[in-house]
Amino acid sequence: MDYSVVIPLFNERDSVVPLHVELTRAMAAIGRAYELLFVDDGSTDDSLDVLRQIKSQDQNVRVIRLARNSGQTAALSCGFANAKGDVVIAMDADGQNDPADIPLLLAKLDEGYDLASGWRTERWQEEKFTRRLPSMAANSLISTMTGVKLHDYGCTFKAYRRDLAQSLNLYGEMHRFVPAIAAEQGARIAEVEVGFRPRKAGTSKYGLWRIVRTLLDLITVKFLSGYSTAPIQVFGLIGFVLGGLGSLWTAMLVLEKIVLGRELGNRPALLLAVLLVVVGVQFVSIGLLGEMLARTYHESQGKPIYVIKEEF
């Protein structure tokens with residue numbers, strides 16, 4: 001098998017058939033052995049029935065149904081683990097990625113790169129202030145924090161060498177940070193300009209809560225990529241700064257007591273503020289340590305973050 005196209009989907013019954021037609025045309029033009037691997041992430045509409053019909057008519061199609069909705073990261077991880085092709089191409093099922101751009105990604109791999117990442121240059125041209133500028137700011141923040149400079153971290157449309165795709169350990173919303181995770185493994189990464197098309201059917205799965213989850217995962221990626229083997233560099237620095245400020249503050253209060261004669265025991269607001277700072281630091285620390293424990297748990301046991309209900 002030369003190519004595996006992995007398509008995670010959730011409630012995309014109206015988009016699957018047009019996408020299959022376009023993918024079949026694009027892959028046939030390439031003229032190499034391929035498979036289309038649809039990963040149904042617990043859809044509650046008729047997506048699975050549509051996939052069954054497509055499968056009955058096209059032997060290049062494989063379908064994996066997850067037992068419950070586990071999120072796009074889990075669906076992608078499942079697709080990567082079960083892909084048979086030497087090259088794995090990932091794309092969304094909503095029709096916004098153009099299958100005709102697949103050769104552009106493959107050309108970069110032929111140049112020696114391990115990962116070719118799509119860059120949707122025409123995205124949200126009509127919504128510059130509400131969506132395009134915030135997206136640019138987010139991508140700039142992620143690039144700065146991870147050290148991997150890309151214009152479009154949110155683009156699922158990517159081509160991977162299979163050994164790289166199957167070596168990625170993804171959790172939470174970390175499919176957005178695949179380039180940063182791949183860079184930690186020494187992968188050569190290229191960015192390719194690809195087209196962007198408005199969604200014609202279905203509804204967007206993005207919302208405010210996903211933004212929050214993405215920001216939390218960005219902190220996790222930064223921590224794991226830079227400090228997973230030396231957490232004292234983070235926690236020690238936080239403790240040192242807070243301890244230093246606390247000591248300085250205590251010294252100032254003691255000085256006030258000695259010089260000005262002010263009471264120290266009647267300031268509940270100060271005690272509350274200090275308590276909130278301490279508790280906040282504890283929660284962040286526990287969260288980061290919890291991420292490390294979860295990563296160790298899954299990798300040491302080879303335990304996937306998804307459950308396959310059936311494959312056909």
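Predicted model: local features only at pLDDT ≥ 70, side-chain atom pairs only at ≥ 80, totals over all residues.
## The chain as a whole

Let's start with the overall makeup. The chain has 10 helices and eight strands. Of its 312 residues, 41% are buried.

How far apart in sequence are the contacting residues? If you take contacts between residues at least 6 apart in sequence, 79% of them join residues at least 24 apart.

## Where H1 meets H4

Helix H1 covers residues 13–30 and helix H4 covers residues 102–110. Their axes come within 10 Å and cross at roughly 40°.

Which residues do the touching? On the H1 side they are Leu23, Met27 and Ile30, and on the H4 side Ile102, Pro103 and Leu106. Sorted by class, this contact has six nonpolar residues, with no polar and no charged ones.

## Two loops that meet: Asp92 and Thr156

Now for a pair of loop residues. Asp92 sits in the loop between strand S4 (87–90) and H4, while Thr156 is in the loop between helix H5 (128–146) and strand S6 (158–161). They are 64 residues apart along the chain, yet 6.2 Å separates their C-alpha atoms.

Are these two buried or exposed? Thr156 has a relative accessibility of 5%, so Thr156 counts as buried. Asp92 has a relative accessible area of 9%, and because the cut-off for buried is under 20%, Asp92 is buried too.

Asp92 is in contact with Ile7, Leu19, Gln72, Asn97 and Thr156. For Thr156, the list is Gln72, Leu76, Ala90, Met91 and Asp92. Gln72 therefore turns up in both sets, as a contact of Asp92 and of Thr156, under the 4.5 Å heavy-atom cut-off.

## Aromatic rings

What sits over the ring of Tyr113? The charged end of Arg188 does, 4.5 Å from the ring's centre.

Technical notes:
Residues numbered from 1 in each chain as written. Heavy atoms only, no water. Helix = DSSP H or I, 4+ residues; strand = E, 2+ residues; numbered from the N terminus. Buried < 20%, exposed > 50% of the residue type's maximum accessible area, 1.4 Å probe, protein only. Axes fitted to C-alpha atoms, helices over the stretch in contact; angles between N-to-C directions. Nonpolar A, V, L, I, M, F, W, Y, C, P; charged D, E, K, R; others polar. Lys NZ or Arg CZ within 6 Å of the ring centre and 35° of its normal. Lists of a residue's contacts leave out its neighbours within four places in sequence.
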